[in-house]
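Here is a friendly walk through the strands and contacts of this model.

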Amino acid sequence: MKPLRSPFVKGSAKAPTGIIGFDEITGGGLPHDRTTLLLGGPGSGKTVFALQFLVHGAQHCKEPGIFVAFEESSKRIAANAESFGWNLAKLRRKKLYFIDAQPKSDLVQSGTFDLSGMLAMLEAQTKAMGARRIVFDALDVVLALLPDAAAKRREVYRLHEWLLARELTGLITAKAGGDEASSITWQQFGFMQFMVDCAVILNHSVVQGVSQRNLRVQKYRGSSFDENESPFLIGARGIEVDAMRTHVRANVKVSSERVSSGVKRLDTMLGGGYYRGASVLITGFPGTAKTTLAGAFAAAACQRGERTLFVSFDSDSNEVIRDLASVGIQLGRHRKNGRLRLASARTITGSAETYLVRIKTLATEHGARCLVIDPMSTWSKSGNDSSAHSVAERLTDWSKANGITLVCTSLLDEMSSQTEGGSSLHISTLADTWIQLSYLMQAGERNRGLSIIKSRGTAHSNQVRELILSDAGVTLSDTYTAGGEVLMGTLRWEKERAERVATEVTEVAGKLKRVRLDAEEAELGVRVKSLQVELEAKQVEKALLARTTATHKGEVSQGLTRMGELRGADATISGRKSP
Amino acid sequence: MIRPAKSKSKFKFKFRLYVAGDAQNSTQAVANLTALCRAYLADRHSIEVVNVFREPKRALADGILMTPTLVKLAPSPAPRRIVGTLSQTQPVLQALGLATPVE
């Protein structure tokens with residue numbers, strides 16, 4: 001026995017259907033050489049599914065096919081198929097054969113009959129063209145002609161045995177749906193579900209006015225398959241099924257490369273930017289510049305030369321370009337050179353699943369490395385919340401698996417404002433980086449604040465920054481905290497100005513004081529000088545005085561001596577030298 | 001009680017019966033048709049029996065899904081098709097335009 005490489009047994013035992021996603025669900029397609037039953041209500045896409053299976057076989061697998069049309073005429077089926085771009089006219093010559101088998105309305109019945117005639121002619125046709133695939137579209141129509149349940153059962157078994165004996169890959173479609181009327185038919189076909197090797201159920205439901213299509217593989221003998229309901233849509237090229245998430249998630253490549261958020265300051269706050277392949281959630285109230293921030297990211301990505309897809313749910317793509325240009329984010333030239341693809345999707349039509357599949361197709365076509373969805377929260381409006389949530393989850397997984405950096409915005413409604421960041425889709429837990437944009441009402445004005453609530457694997461700033469939009473772009477500015485309050489906008493500006501003035505005043509005061517001190521110093525210097533001079537004068541005076549006194553004294557003594565001499569008084573002046 | 005329409009006309013009825021070999025309902029149909037023609041259209045009918053297993057191309061060309069199928073080719077207007085063993089005579093006669101209620 002061969003070792004299993006994947007949970008799905010792959011091999012020649014599968015007949016690929018060419019339906020995007022379905023071959024992944026079943027691990028390769030319908031069971032080869034076996035019979036598959038395709039059940040679904042009216043308009044659930046049975047005929048498209050069946051025809052796509054045949055067209056793919058004829059075009060890509062070298063397996064010619066026969067289409068037995070019990071309900072619609074082959075002409076109409078072919079015309080409908082043209083809209084999917086399948087070149088039926090070319091295929092019909094050799095590889096695809098239509099048999100019109102609508103029961104005539106004037107057909108008269110009398111007694112029992114069976115389908116041997118059909119099998120005989122199919123036998124001939126199969127041999128003639130070497131058909132490998134065969135579709136019985138709306139088998140219930142012909143079974144309805146049979147009188148009783150036993151006859152129906154007998155004919156179905158006859159058909160099944162014929163298919164098995166010829167080793168044809170058969171696909172039988174039959175009507176069955178969720179409504180009351182068709183539950184009877186359901187029971188009638190109950191045995192068919194046991195008989196066949198594979199049963200697929202298509203479901204078309206309307207939830208809150210939004211159409212949703214689901215596909216489920218009910219059974220698949222000898223193969224594992226995804227048992228969950230998978231949403232699908234009938235797109236421009238046929239059926240597209242949204243493949244499961246489980247085995248996509250398994251091989252996620254983790255990158256530690258950083259990509260710029262488009263705002264320099266934000267990159268710093270995040271320690272270099274978003275991680276490549278991360279999913280980033282930007283939440284905020286209306287008008288908090290969510291789109292602008294997402295646009296900045298897109299512009300930065302294009303600037304780096306990365307292909308980017310921008311999906312806008314609110315506005316037209318031209319509006320997006322114009323609006324973002326007003327804040328200095330130029331996307332127009334990136335769109336021209338093909339790096340950027342803008343897609344606008346209105347919320348009114350289609351379910352979340354439809355959008356998911358469409359976005360995935362667009363992103364794959366464009367080869368996008370960066371994906372912006374603005375806003376994701378509209379999904380919860382179209383259809384029920386739970387499906388929108390699972391869609392958001394799948395998108396996150398898918399983009400991660402493909403290494404696409406995903407930036408989505410999400411609108412917070414008034415209700416969730418009570419609990420901060422009660423993101424409507426609960427995708428906040430899935431997001432790797434969550435940036436919250438808020439308004440701060442203060443002193444009669446609203447200002448935008450930005451804070452990073454979380455960022456996995458990244459040291460990030462815990463401070464609230466003010467988000468400023470100008471025609472030069474997006475900038476982040478520090479907020480002022482004063483007295484425990486965060487100041488933004490005018491208040492911040494006032495505060496800044498007040499501080500500037502205060503600094504100026506201090507500076508001037510300092511200067512003034514210095515000047516005064518200088519003056520005082522100078523004055524003192526002058527005083528010191530004059531005193532010095534005075535001192536000198538006094539010293540001179542003093543010196544003079546001393547000299548004068550000495551002279552005087554000498555003069556006096558001399559004069560006395562002289563006088564004595566002159567007077568000749570010797571007796572009184574004893575001891576004196578006689579001249 | 002049903003009687004054949006007063007058939008002054010001498011036109012001939014032309015039938016083609018598609019059968020699936022010697023399957024039970026096919027042989028029944030052949031028998032029923034022969035009996036019916038003998039009773040109501042004596043000497044003015046012809047029956048061609050086509051075995052779809054032997055001539056599947058003809059079945060394909062004529063769009064025969066179910067067997068047995070009786071096709072009325074003549075007289076016109078509008079070729080008629082009847083599927084089944086032809087066991088219920090009245091609807092068959094009505095479909096062939098042969099039935100007229102008797103007073």
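Leu450(A) has Arg465(A) in E22(A) as its bridge partner. This pair belongs to the link between strand E21 (residues 445-455) and strand E22 (residues 465-470) of chain A, which run antiparallel and are joined by two bridges. Please keep in mind that you are looking at a predicted model.

Follow E22(A) onward and you come to strand E23 (residues 473-478) of chain A, which runs antiparallel to E22(A) and is joined to it by six bridges. How many residues make up the hairpin between E22(A) and E23(A)? Two residues connect these strands.

## The nine-stranded sheet

Chain A also holds an open sheet of nine strands, with mixed pairing. Their order is E5-E4-E7-E8-E3-E9-E10-E11-E12. At the edges you will find strand E5 (96-100) and strand E12 (238-241) of chain A, each pairing on one side only. From one strand to the next, the twist averages 20°.

Which strands does helix H15 (residues 352-366) of chain A lie across? The helix lies across E10, strand E11 (230-235) and E12 of chain A. Its direction is at about 70° to E11(A).

## Where chain B meets chain A

Now turn to the place where the two chains touch: 28 residues of chain B are in contact with 21 residues of chain A. On the chain B side, the elements giving two or more residues are helix H2 (56-62), strand E5 (80-83) and helix H3 (89-96). H2(B) gives the most, with four residues. By type, the residues on this side of chain B divide into 18 nonpolar, eight polar and two charged.

The chains also share strand pairing. Strand E6 (residues 108-109) of chain A pairs with E5(B) in the parallel sense, over two bridges. To find the place in your viewer, look for Gln109(A), which stands opposite Val83(B) in E5(B).

How values were computed:
Residues are numbered from 1 along each chain as its sequence is written. Chains are lettered from A and ligands numbered from 1 in the order in which they are written. This is a predicted model: local features need pLDDT of at least 70, side-chain atom pairs count only at pLDDT 80 or more; totals for chains, interfaces and linings use all residues. Two strands pair if DSSP finds at least two bridges between them. Axes are lines fitted to C-alpha atoms, for helices over the stretch in contact, and angles run from 0 to 180 degrees between N-to-C directions. Two residues are in contact if their C-beta atoms, placed from the backbone, lie within 7 Å. Ala, Val, Leu, Ile, Met, Phe, Trp, Tyr, Cys and Pro count as nonpolar, Asp, Glu, Lys and Arg as charged, and the others, Gly among them, as polar.
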